[in-house]
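Dear colleague,

Please find the structure below, handed over for your own work. My notes on its pockets and its ligand follow directly.

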Amino acid sequence: MEHKMKPESLMMSYGYKPEWSEGAIKCPIFQTSTFVFKNAEEGKAFFEVAYGLREKTEGEQLGLIYSRINNPDLEILENRLCLWDEAEDCAVFESGMSAITTVLLEFLKPGDLLLFSTPVYGGTEHFIRKILTQYGIHVVSFSVGQCEEEAIRLVESTGLAHKLALVYVETPANPTNALIDIECSKKIAQHFSTPERAVYLAVDNTYMGPLWQHPLKHGADLVLYSATKYIGGHSDVIAGACLGSAALISRVKVLRTFLGNMAGPWTGWLLLRSLETLKARMDIQAANAEKVAEFLNHHPKVEKVYYLGNITPAQTKAYAIKTKQCLSNGAMISFDVKGSENEAFRFLNALRLIKLAVSLGSTESLAEHPATMTHADVAPEEKSKLGITEKMIRLSIGVEHHADIIHDLQQALASV
Ligand SMILES: Cc1ncc(COP(=O)(O)O)c(C=O)c1O
């Protein structure tokens with residue numbers, strides 16, 4: 001039987017041949033806006049495929065046309081990203097938000113209904129509630145624990161169940177690490193699907209990155225990433241990605257062509273470079289997070305720790321979801337410090353190694369205050385419902401030596 005290599009072994013070479021580029025071992029940056037056709041017939045054939053005027057013939061590849069449509073750095077990157085999620089195709093974008101908004105715009109039309117989980121990333125929530133609704137799209141949300149009968153009732157109570165077009169979830173939820181069941185979300189979508197009208201499920205998998213959760217295997221139709229996190233992972237690039245079946249990604253790519261929000265070649269090249277160390281970085285980050293959580297769990301100034309590794313079998317539902325869909329406890333930890341905003345701020349201001357910044361999944365450890373930063377515009381009653389307290393700190397654990405991260409946390413907690 002043919003040996004199947006692991007994605008991490010293929011990240012340095014897959015989809016690129018050195019002979020295409022003077023023997024260069026690395027894929028160069030194709031900093032070009034347009035590509036020269038061999039002849040007019042070739043140009044015509046490429047456009048027919050790119051604009052969906054005809055189906056590809058057996059074995060035909062879309063030729064290079066123009067960097068808003070395709071570019072070698074993006075195509076190789078997309079092919080490599082497919083390996084982690086075992087997806088048929090991928091589209092990369094200049095930001096996570098552009099991947100998310102393009103998917104929402106492609107799969108929702110005026111009059112349609114969107115069902116989404118809360119909490120979701122603040123930018124996503126803003127786009128859904130404040131922008132999509134301006135285009136006649138109706139929205140309804142469900143939260144952790146409301147899967148599946150309750151969510152079905154919520155959809156039915158809108159009177160628009162027949163217009164449900166998309167279910168959108170983010171799990172684990174930011175910043176509480178609360179879990180939404182992907183298979184259950186798929187059941188909601190299937191419940192409202194008809195032979196004429198498929199209801200799709202999209203999952204924002206940013207928090208777990210391409211290694212620790214594979215939503216497509218649990219029934220998701222589309223998986224979304226802020227590739228800024230983990231995939232980029234060095235706090236030096238903003239990017240996004242969407243993966244799924246060839247048929248759905250082809251729809252996403254057509255809209256991307258006309259919105260013009262694809263990633264540029266330089267972004268593509270940076271992500272190709274980052275992907276080479278994705279597994280190594282994420283392994284270290286998860287191992288460090290385990291040690292950090294253990295330290296926080298026993299610290300007298302810490303009231304509560306929100307970490308996937310802390311979910312016990314006694315928390316029956318959450319434990320069952322975690323066991324089913326999470327391949328790691330991840331590298332995101334939130335905790336409530338004893339006290340209030342004052343104590344939280346004293347802790348943040350005392351950090352030395354860990355940087356006080358939003359974002360996550362980077363090589364350096366980061367800390368932030370969700371209530372006044374990433375989740376500042378979540379309504380106060382919603383915040384308390386979701387458990388986003390003023391004493392909560394969110395940590396993204398990096399690749400530093402775990403003893404140094406813990407030492408920094410210890411000295412900062414001492415000043416609280
Ligand atoms: C879960 C999640 N999804 C999407 C985004 C948006 O991604 P980007 O900032 O790359 O546009 C973020 C950014 O923080 C995020 O945390």
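The lining of the largest pocket comprises 20 nonpolar, 10 polar and nine charged residues (Ala, Val, Leu, Ile, Met, Phe, Trp, Tyr, Cys and Pro count as nonpolar, Asp, Glu, Lys and Arg as charged, the others, Gly among them, as polar). A pocket here is an open set of points on a 1 Å grid over the protein atoms alone, where a 1.4 Å probe fits, with protein on both sides within 12 Å along at least five of seven lines; lining residues have an atom within 4 Å of a point. Of the 39 lining residues, Lys56, Gln61, Leu62, Glu75 and Lys253 lie nearest the centre of this pocket. The largest share, eight residues, is supplied by α3 (helices are DSSP runs of H or I, at least four residues, numbered from the N terminus).

This is a predicted model, in which local features need pLDDT of at least 70, side-chain atom pairs count only at pLDDT 80 or more, and totals for chains, interfaces and linings use all residues. Residues are numbered from 1 along each chain as its sequence is written, and side-chain values use heavy atoms, with hydrogens and water left out.

As to the ligand, one of its oxygen atoms is 2.5 Å from an N or O atom in the side chain of lysine 229, and a polar side-chain atom of threonine 228 lies 2.6 Å from a ligand oxygen atom. At methionine 97, a polar backbone atom is 2.8 Å from an oxygen atom of the ligand.

Yours sincerely

Methods. A polar contact is a pair of N or O atoms within 3.5 Å; within protein, one must be able to donate a hydrogen and the other to accept it, and residues adjacent in sequence count only if both atoms are side-chain atoms. Helices (H or I, at least four residues) and strands (E, at least two) are DSSP runs, numbered from the N terminus.
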